[in-house]
Amino acid sequence: MSNKEGSGGFRKRKHDNFPHNQRREGKDVNSSSPVMLAFKSFQQELDARHDKYERLVKLSRDITVESKRTIFLLHRITSAPDMEDILTESEIKLDGVRQKIFQVAQELSGEDMHQFHRAITTGLQEYVEAVSFQHFIKTRSLISMEEINKQLIFTTEDSGKENKTPSSDAQDKQFGTWSLKVTPVDYLLGVADLTGELMRMCINSVGNGDIDTPFEVSQFLRQVYDGFSFIGNTGPYEVSKKLYTLKQSLAKVENACYALKVRGSEIPKHMLADVFSVKTEMIDQEEGIS
């Protein structure tokens, strides 16, 4: 008890060394001092950076939503009578997504992109997935990162409504150019997500009696899987994590191709979708048990 009282008394006596009057006087800080002015500028800079980050998060969310809608539209191509109409509509939607990316490029003008990368990476990955899906449907090949970045170079003619004031700054910006480059990690993660959409496209096309698409998708997915296998565990954590999902998609497509090759002549075309849906469920259950 004596030790506790002694320690408590010591703290009390030490506390009394700083009178209340002096502590109250410390609150009257000179707001025009260099230290206060410096911290005020820090506060303004941090607030502006936080607001910019929040605007980028909202833009990224819009890009993600519109890209998903484009992917859903492209999935209708397996059952649509006219493929060109679907591709034209998807191009219009992607142009709208690029306008959102143009706003992101304007927000990041003069900034270090990597400081805000986490705010926009989800939207960029979804955009890569949508663009690469459309490109595969057109050409049966993988779009390169350079081709994607070429589409993300903008001039002010793309949004002439932006600058309405006749100020000199606006006049200078009319001839400006903005660009946003997709990083290699965003590109790889977008391509990894593409494999899941191709797997769904494969199963849907089989259900509609299209026998050629599954074999084209299977060959393409093998090449993508081989490419990701070279990266292995040396790449970013997110890439190696999605490698397992890629392997699952490839297994489902190969299983569909195997059934088509071996039992394709035995199963009527209108029953193919039911057969593959059952096989896909069996594969999922086996993977869940293992």
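In the predicted model, helix 8 passes helix 10 in a left-handed crossing, and the axes of helix 8 and helix 10 (residues 237-263) come within 9 Å of each other and cross at roughly 20°. Because angles under 35 degrees count as roughly parallel, helix 8 and helix 10 are described as roughly parallel to each other. On the side of helix 8, this contact draws on L188, L189, A192, D193, T195, G196, M199, C202, I203 and V206, which meet E238, V239, K242, L246, S249, K252, V253, A256 and L260 in helix 10. By class, the residues of the contact between helix 8 and helix 10 divide into 12 nonpolar, 3 polar and 4 charged.

Helix 8 (residues 184-207) also packs against helix 9 (residues 212-231), with axes that come within 10 Å and cross at roughly 160°, which makes helix 8 roughly antiparallel to helix 9. The crossing of these two helices, helix 8 and helix 9, is left-handed. Helix 8 contributes L188, V191, A192, L194, T195, L198, M201, C202, S205 and V206 to the contact, while helix 9 contributes T213, P214, V217, F220, L221, V224, F228 and I231. The contact of helix 8 with helix 9 comprises 15 nonpolar and 3 polar residues, with no charged residues.

According to an unreviewed UniProt entry, the annotation "binding site" covers E129 and E197. Although these positions are spread over 69 residues of sequence, they cluster in space, the largest C-alpha distance being 8.7 Å, and both E129 and E197 are included in the lining of the largest pocket. E129 is located in helix 5 (residues 117-139).

How values were computed. Residues numbered from 1 in each chain as written. Predicted model: local features only at pLDDT ≥ 70, side-chain atom pairs only at ≥ 80, totals over all residues. Heavy atoms only, no water. Axes fitted to C-alpha atoms, helices over the stretch in contact; angles between N-to-C directions. Helix = DSSP H or I, 4+ residues; strand = E, 2+ residues; numbered from the N terminus. Parallel < 35°, antiparallel > 145°, perpendicular 65-115°, else oblique. Left-handed = near helix turned anticlockwise from the far one by under 90°. Contact = heavy atoms within 4.5 Å. Nonpolar A, V, L, I, M, F, W, Y, C, P; charged D, E, K, R; others polar. UniProt positions renumbered as here; feature names shortened; annotations may be inferred. 1 Å grid on protein atoms, 1.4 Å probe; cavity = no way out; pocket = protein on both sides within 12 Å on 5 of 7 lines; lining within 4 Å.
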